[in-house]
Amino acid sequence: SARRSYEFIEVSEPRPGVGQITLNRPKALNALSSPLISELNTALRTFQASPTIAAVVLTGSERAFAAGADIKEMAPLTFSGAYTNSFIESWSELTTTLKKPLVAAVSGHALGGGCELALMADVLYCTATANFGQPEIKLGTIPGAGGSQRLTRAVGKSKAMELILTGKSFSGEEAERWGVAARVFPSYEALMEGALATAETIAGYSKVAVQAAKEVVNKSQDLPLRDGVEYERRLFHALFGSQDQKIGMKAFAEKKKAEWSHE
Ligand code: CO8
């Protein structure tokens with residue numbers, strides 16, 4: 001079962017096919033300590049392996065999605081210690097472990113590593129008053145979990161430079177306007193309803209097609225256009241070998257609802 005006990009996160013299955021991970025370290029505004037990240041990775045692996053979960057929602061509290069990496073844990077780190085232990089590397093397990101779509105629901109602070117974690121999601125939803133930013137420069141360091149790369153791809157070089165060099169934060173409303181967030185919501189309740197509804201919609205489709213769709217969109221972030229288009233076409237061709245392509249197109253012709261085989 002996906003249910004087991006964690007100290008810094010909560011795990012639930014709030015809708016059919018939907019797994020939810022709630023960061024739950026309220027005393028530190030969900031600062032992303034190594035033990036928290038380790039629990040997050042365990043929960044992601046469990047959801048990836050679960051036959052009943054088809055999409056995942058990642059959220060924090062109304063006050064904080066996550067206020068960053070744990071500054072108190074990082075303060076004494078040395079170069080050689082961080083380098084040889086690959087500090088932060090395990091954070092990106094989210095982007096490699098989970099082949100099922102992940103919707104991030106961001107309310108409150110999403111700063112530093114919290115902003116970077118949100119940027120790793122497949123779909124980012126937030127409240128209008130969410131507080132995003134990469135304040136690392138104020139601590140004498142720089143983003144370390146992909147922020148300089150993913151934020152730049154999302155908002156363009158000039159805006160990313162401004163944000164990362166000044167450490168100024170930006171609102172959920174701005175995040176939506178700049179394309180960082182797919183949608184913005186007026187309240188935490190509306191945010192969670194929106195995120196769960198989207199995850200449930202995704203979970204209602206063919207698992208094979210959903211995984212392929214996530215894979216090809218992600219390729220657009222890594223590959224030159226020509227290679228990305230070719231990659232998409234190969235996978236598009238491959239899906240003619242799935243049962244669900246036959247089921248989906250037959251159901252359309254017969255004006256029926258598709259009953260997916262997930263094969
Ligand atoms: N790490 C550790 N503890 C934190 C963190 C954090 N990032 N953020 C907040 N806390 C703790 C506070 O220390 C405080 O604890 P205590 O009650 O024991 O003093 C508690 O959470 C509540 O925080 P505040 O009292 O400060 O709450 P406020 O509402 O006054 O302020 C803020 C909220 C504005 C979010 C404020 O807490 C803040 O500025 N936090 C730090 C934000 C920040 O700089 N984040 C970036 C960290 S650096 C980083 O993430 C690098 C990422 C690189 C990727 C991986 C490499 C590490």
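Q: What makes a residue count as near a molecule?
A: One of its heavy atoms must lie within 4 Å of the molecule. Keep in mind that this is a predicted model.

Q: OK. How many residues surround the ligand, and which are the closest?
A: The ligand is surrounded by 25 residues. The closest are R63, A69, M74, I88 and G113.

Q: What does R63 do there, in terms of atoms and distance to the ligand?
A: A polar atom in the side chain of R63 lies 2.9 Å from a ligand oxygen.

Q: And G113? Which part of that residue lies 2.8 Å from the ligand?
A: A backbone N or O atom of G113.

Q: How much of the ligand's accessible area does the protein cover?
A: The protein covers 65% of it. On its own, the ligand has 1,000 Å² of accessible area.

Q: Which elements give two or more residues to the shell around the ligand?
A: They are α2 (71–74), β6 (109–111) and α5 (113–119). The most comes from α2, with three residues.

Q: What kinds of residues make up that shell?
A: There are 14 nonpolar, five polar and six charged residues in the shell.

Q: New topic. How many salt bridges are there?
A: The count is eight.

Q: Which residue does E200 pair with?
A: E200 forms a salt bridge with R15. Their closest N and O atoms are 3.3 Å apart. The pair links distant parts of the chain, 185 residues apart. E200 is in helix α9, and R15 is in strand β1.

Q: Is R15 buried or partly exposed, and why?
A: R15 counts as partly exposed because its relative accessibility is 22%, and buried means under 20%.

Q: What about E93 and R45? How far apart are their closest N and O atoms?
A: They are 2.8 Å apart, in a salt bridge. E93 lies in helix α4 and R45 in helix α1, so the pair ties together parts 48 residues apart in sequence.

Q: And which residue does E254 bridge to?
A: E254 forms a salt bridge with K250, with closest N and O atoms 3.3 Å apart. K250 counts as exposed because its relative accessibility is 52%, and exposed means over 50%.

Q: Which residues are joined into one network by shared partners?
A: R15, E193 and E200, through their salt bridges.

Q: Last one. Which residues make the nonpolar surface patch?
A: F236, F240 and M249 make a patch of about 330 Å². F240 is in the loop between α11 and α12. At 39% relative accessibility, F240 counts as partly exposed.

Conventions:
Residues are numbered from 1 along each chain as its sequence is written. This is a predicted model: local features need pLDDT of at least 70, side-chain atom pairs count only at pLDDT 80 or more; totals for chains, interfaces and linings use all residues. Side-chain values use heavy atoms; hydrogens and water are left out. Patches are made of residues with over 30% relative accessible area and no salt bridge: like charges are joined within 9 Å, nonpolar side chains (Val, Leu, Ile, Met, Phe, Trp, Tyr) within 5 Å. Accessible areas come from the Shrake-Rupley method with a 1.4 Å probe; for residues, only the protein chains shown count as cover. A salt bridge is a side-chain nitrogen of Lys or Arg within 4 Å of a carboxyl oxygen of Asp or Glu. Helices (H or I, at least four residues) and strands (E, at least two) are DSSP runs, numbered from the N terminus. Buried means under 20% relative accessible area, exposed over 50%, partly exposed in between (1.4 Å probe, protein chains only). A polar contact is a pair of N or O atoms within 3.5 Å; within protein, one must be able to donate a hydrogen and the other to accept it, and residues adjacent in sequence count only if both atoms are side-chain atoms. Ala, Val, Leu, Ile, Met, Phe, Trp, Tyr, Cys and Pro count as nonpolar, Asp, Glu, Lys and Arg as charged, and the others, Gly among them, as polar.
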